Amino acid sequence: MTQLIARPAPNTPTTPTTPADALGGPWPASARPGRGGEVVVGGVGLAEAAERFGTPLYVLDEAEVRGRARAYRRALPHAEVLYAAKAFLCSAMADWVEQEGLGLDVCSSGELWLAVSAGFPAQRILLHGNAKSPEELRLARRLRVGRIVIDGPAEIARLAALVAADTPQKVLVRVVPGIAAGHHAAVRTGVGGQKFGFPIQGGDAADAIARVLDQPGLELAGLHCHLGSQITSPEPYLLAVDALVRLLAEVRERYGVELPELDLGGGHGIRYLPVGDEELDLAEFAVRVTDRLAVRCAEAGLEVPRLIVEPGRAIAGPSAVAVYRVLSVKHTADGRCFAAVDGGMSDNPRPALYGSPYTVRLVGRRSEAGEARVDVVGRHCEAGDVLVRDAALPADLRPGDLLAVPAAGAYQLSMASGYNLVGRPAVVAMKDGRARLLIRRETVEDFRLREVGR
């Protein structure tokens, strides 16, 4: 049953606010301070939502999602923008990005099924991934997915065997341009020596292109690359344009074919901290990349291909806030303070995987105490289960308090696990002073129901 919170909610402002009241990045644009230490997102108090829906809780600001999708359409009016579902996907998110004119990029049959079941047009979906199963390729063909990204040699023959020449499948070939970009070695996918794509250097990309062109059932629409994640400068994308246009020119010279599409992937970085943290400037990215593409194509005597970009984190990340309840506060003999909350690495593995930094704020009460340095830790049996290190929080922090972590919309719930059989949190959408449950909390009964014998 849908649960709603209607305005006015306790501790939320009853008078209009102005942009000057906004908390600023990395919080959603709608985030405002409320009475009694409350924080209001989408017109709803986070503490009120936590009381109604429980914690841990992920609060998703629908207006922020839609606004960020529209910003991409405005900045890149002649490009195709695909939302990268791997950042976070649910039926409501699929609805919102589809209604705002974006396509969808999916990496598995699960993401594909959910999107199509939610009514997302299959022709506006791109499927990629480095290890697509035969079943996934058959499903993509049955659903008439718009494009499939070829990521390895085996996929060429496997996909060609599923396709008749009179119903060709549009494909892109994923190439590796040899450009290192991204916030951590584990997400730098534009360099050689890793599992994705066909390296340009050494000729693997050229060989893959030739094999695809030899298949009458495969229509080679263009080239694809993805450099990495949390990239905050346009420079790596400009280098990728240079490398890919050179390859497009080689394809034309060898085979007399001009490919009409060029997909630069995503990886657009966002702010996680209020101070000293960079993000990709979308307007600068759009101008510089489109200008560079036009110049390089003119130099090569090529028609300018249609640009495709795949933002995920940049749309979902700043649109959500995670809310936790403090379970214990521990002071150690060496002067450290640990605040343990009711979530942790099972709903946000990024700090443990990548050392990712976050900011955190007390919500739901106002404190007059001084500031203390606190490590906000999770409830799991791992010393590395730390959500926020050395956070500035009130010195009187105590069990029962609520803590809110912004920039929580990407690669948290999408990578969530069932470690210690702790269920994944609920997701609530905020809009115009109302909150509705999108995803219910996972329970112990959900885990038990997966068992079929003993």
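Colleague: How many salt bridges does the structure hold?

Modeller: This is a predicted model, and the structure holds 28 salt bridges.

Colleague: What makes arginine 68 and glutamate 64 a salt bridge?

Modeller: Their closest N and O atoms are 2.9 Å apart. The cut-off is 4 Å between a side-chain nitrogen of Lys or Arg and a carboxyl oxygen of Asp or Glu, so the pair qualifies. Both residues lie in helix α2 (residues 62-75), four residues apart, about one turn of the helix.

Colleague: Why is glutamate 64 called buried, and why is arginine 68 called partly exposed?

Modeller: Buried means under 20% relative accessible area, and glutamate 64 has 10%, so it is buried. Arginine 68 has 25%, which falls between the limits of 20% and 50%, so arginine 68 is partly exposed.

Colleague: How do you know that arginine 306 forms a salt bridge with glutamate 80?

Modeller: The closest N and O atoms of this pair are 3.6 Å apart, which is within 4 Å, so the pair counts as a salt bridge. The two residues belong to distant parts of the chain: arginine 306 is in strand β14 (residues 306-309) and glutamate 80 is in strand β6 (residues 80-84), 226 residues apart.

Colleague: Which parts of the chain does the pair of arginine 424 and glutamate 442 link?

Modeller: These residues form a salt bridge, with closest N and O atoms 2.9 Å apart. Arginine 424 lies in the loop between β20 (402-405) and β21 (426-431), and glutamate 442 in the loop between β22 (434-439) and α12 (444-449), 18 residues apart. At 19%, glutamate 442 is under the limit of 20% and so counts as buried. Arginine 424 has 37% relative accessibility and counts as partly exposed.

Colleague: Which residues are linked in a network of salt bridges?

Modeller: The network joins Glu62, Arg66, Arg70, Glu100, Lys431 and Arg436.

Colleague: Why is cysteine 90 in no disulfide?

Modeller: A disulfide needs two cysteine sulfur atoms within 2.5 Å, and the nearest cysteine sulfur, that of cysteine 107, is 16 Å away, so cysteine 90 is in no disulfide. Cysteine 90 is also buried, with a relative accessible area of 6%. For cysteine 297, the closest cysteine sulfur is in cysteine 225, 14 Å away, too far for a bond. Cysteine 297 is buried, at 0% relative accessibility. The count of disulfides in the structure comes to zero.

Colleague: Which residues of helix α3 are buried?

Modeller: In helix α3 (residues 91-99), the buried residues are Ala92, Met93, Ala94, Trp96 and Val97. Glycine 101 follows α3, and its phi is positive, near 90°.

Colleague: Which residues have the most contacts inside the largest nonpolar core?

Modeller: That core has 109 residues, and those with the most contacts inside it are Tyr83, Phe88, Met93, Leu104, Val173, Leu223 and Leu403. Helix α8 (residues 235-255) gives the most to this core, with 11 residues. A second, separate core has 21 residues, including Trp27, Ala49, Ala50 and Met430.

Colleague: What does leucine 104 touch?

Modeller: Leaving aside residues up to four places away in sequence, leucine 104 touches Leu82, Tyr83, Ala85, Val97, Ala115, Phe120, Arg124, Ile125 and Leu126.

Technical notes. Residues are numbered from 1 along each chain as its sequence is written. This is a predicted model: local features need pLDDT of at least 70, side-chain atom pairs count only at pLDDT 80 or more; totals for chains, interfaces and linings use all residues. Side-chain values use heavy atoms; hydrogens and water are left out. Buried means under 20% relative accessible area, exposed over 50%, partly exposed in between (1.4 Å probe, protein chains only). A nonpolar core is a set of buried Ala, Val, Leu, Ile, Met, Phe, Trp, Tyr and Cys residues joined through side-chain atoms within 4.5 Å. Contact means heavy atoms within 4.5 Å.
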